[in-house]
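Take a moment with the model below. Follow the chain from its start, and then look inside.

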Amino acid sequence: MFDINWRGLLLPLAYLAVLTGTFVTFSTVYRRRKALQSANLAPWFGPHLQRNIYLSLLHMEPEEGSEKSPKIPDSIIRAALLRRAVEDINRIIQIRTAKAACSSLLQRGSVGDDLWQRFQRAEKEMEDELRDVVMEANALVPGWGQIIFQSANEIAANKVLRDRLDEIEAQADNEKEWWEKRRATIQTEFMKELDTESEKSNTRPSTSSADEPVLVDGPSTPQGGPRKRKGKK
């Protein structure tokens, strides 16, 4: 049997204990500080107005003096949930668009870790939001959670198309006004050129008829006529 010198191992064990305690303390403090900084970061998106409206309709409290809360029709609640899903679709599109740019800027060192933490927190919040919307949809109508985001995507696409058409129609009036002014300017310049050409043609010197060659007709000899011969006496 080997004899263990506990007194000789006491110092290394104490060193390992102190080192482990220091590492645990540092890790705990670091995580708390990071969590505090992450909590103090500005959110990636603003307030979710559609979600707040849906929750207000779903948990509407009774008015003063009445015991029962007002009954909200199910159609209004479903419409509010669908509008909430449409807003979630718009935010998902923004996150997917910004993810590649943020990742590239972070690798280059152009942005700090704070921005990336904000982005990751926004992704996590959107995952929870989508899961919550699906659960709410299935609670209202069984099986609706499987198709609610498909309907919301179609509504969002139609809205984008309508906004684009409205923008084109708004620009059409300005383009028409610009073209009317341009056509008037071109017509004015063209009339000025015609007037200038007319004035130039009127100021040219007129040629006198005396300078023109005059043709004089002489006595014409009939061709092929009989010639008179002198007779011999």
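This is a predicted model: local features need pLDDT of at least 70, side-chain atom pairs count only at pLDDT 80 or more; totals for chains, interfaces and linings use all residues.

Residues are numbered from 1 along each chain as its sequence is written, and side-chain values use heavy atoms, with hydrogens and water left out.

Helices here are DSSP runs of H or I with at least four residues, numbered from the N terminus.

Now turn to helix 3. Helix 3 bends by about 30 degrees at Ala98. That bend is the angle between axes fitted to the seven residues ending there and the seven starting there. After helix 3 comes Gly109, with a positive phi near 80 degrees.

Arg84 also sits in helix 3. Is Arg84 buried or exposed? Its relative accessible area is 1%, so Arg84 is buried. Buried means under 20% relative accessible area, exposed over 50%, and partly exposed in between, using a 1.4 Å probe and protein chains only. Beyond residues up to four places away in sequence, Arg84 touches several others, including Glu129, Asp132 and Glu136. Contact means heavy atoms within 4.5 Å.

Next, the cores. A nonpolar core is a set of buried Ala, Val, Leu, Ile, Met, Phe, Trp, Tyr and Cys residues joined through side-chain atoms within 4.5 Å. The largest has 17 residues, with Leu81, Ala85 and Ala152 among those with the most contacts inside it. Helices 2, 3, 4 and 5 each supply at least two residues of this core. Helix 3 gives the most, with 7 residues. Another core, of 8 residues, lies apart and includes Ala98 and Phe119.

Finally, the rings. There is 1 aromatic pair. The rings of Trp116 and Phe119 have centres 5.6 Å apart and planes at 25 degrees, so they are stacked. Rings of Phe, Tyr and Trp (its six-membered ring) pair if their centres lie within 6.5 Å; planes under 30 degrees apart are stacked, over 60 edge-to-face, and the rest tilted. Phe119 is buried at 0% relative accessibility, whereas Trp116 is partly exposed at 21%.
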